[in-house]
Amino acid sequence: MANSGQKVVLITGCSSGIGLRIAVTLAKDEKSRYHVIATMRDLKKKDKLVEAAGDAYGKTLMLLPLDVCSDESVRQCINNVKDRHIDILINNAGVGLLGPVESISIEEMKRVFETNFFGVVRMIKEVMPDMKKRRSGHIIVMSSVMGLQGVVFNDVYTASKFAMEGFCESMAVQLMKFNIRLSMIEPGPVHTEFETKMMEDVAKMEYPGADADTVRYFKDVYLPSSTDIFEAMGQTPDDIAKCTKKVIE
Ligand code: NDP
């Protein structure tokens, strides 16, 4: 349980990548300012997080199951937090999707929106009443540079992040009146399983209906240059965790 003076931070998608590092960084804060509730949809994946958290596990870091695509799971998770009191919500869970629209089913597209857009909306709706009552809180949303600019064959992922940006910009103004902050983090490339999965998807990718020049641009210009950008400028999950910590301090 959180000590008085500690801020309760709930983070989504902590089984890997950025979410895992944010959870560990905050749980190991030098002044123990945070009580971290690290959530993941499948607790069988907890070992990497528990190992990285070390002594902090069970002290400043606890685990709860949470699938951001399920209304019931979101409600249950927040009900399991003492007094439903969350000071800082970090919406990190997200999925990618790459390929020409003709090769992607509407069901797959809905899964991306269910996670990246409605997942965030569900979480905000659930924590907002308590934050409004207390007139205090901070909501962080992990967007992307692709929430600001479209990228070839990333149409659906980009659209889901744009949708979230629009939602959050509108919400921020209303929440400000209740002294609740809403911040968006927009990382460029970060070395995580997200990147690995994307490169696997590229290897299997087919291009039905796509124009030959676009495919050539994607394969010969976009992919090699994004690989170069990753190598030269790619950030680590730790970089994003440190940046997130600065945003909430
Ligand atoms: P990872 O694939 O390593 O992590 C994604 C996390 O989201 C996993 O823990 C995954 O859990 C979780 N997740 C997926 N679906 C759900 C769900 N329905 N409910 C709860 N958790 C879920 O990728 P990153 O760490 O890179 O991505 C984190 C965030 O950062 C995402 O929002 C992504 O869009 C964003 N981002 C990433 C960039 C990058 O280059 N890596 C760049 C810009 C933004 P599980 O293990 O169960 O699948």
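Author: Ser144 sits in the loop that links strand E5 (137-142) to helix H5 (155-176). Helices (H or I, at least four residues) and strands (E, at least two) are DSSP runs, numbered from the N terminus. This is a predicted model, in which local features need pLDDT of at least 70 and side-chain atom pairs count only at pLDDT 80 or more, while totals for chains, interfaces and linings use all residues. Residues are numbered from 1 along each chain as its sequence is written.

Is Ser144 buried or exposed? Ser144 is buried, because 27 other C-beta atoms lie within 10 Å (buried means 20 or more other C-beta atoms within 10 Å of the residue's own, exposed 12 or fewer, and partly exposed in between, with C-beta atoms placed from the backbone). Leaving aside residues up to four places away in sequence, Ser144 touches Lys161, Glu186 and Pro187; contact here means that the C-beta atoms, placed from the backbone, lie within 7 Å.

What does the UniProt record say about Ser144? An unreviewed UniProt entry places the feature "binding site" at Ser144. UniProt also gives the annotation "domain: Ketoreductase", again from an unreviewed entry, to residues 7-193. Such positions follow the numbering used here, feature names are shortened, and annotations may be inferred rather than shown by experiment. Over residues 7-193, the chain is 42% helix and 18% strand, and the end C-alpha atoms are 29 Å apart.

Technical notes. Two residues are in contact if their C-beta atoms, placed from the backbone, lie within 7 Å.
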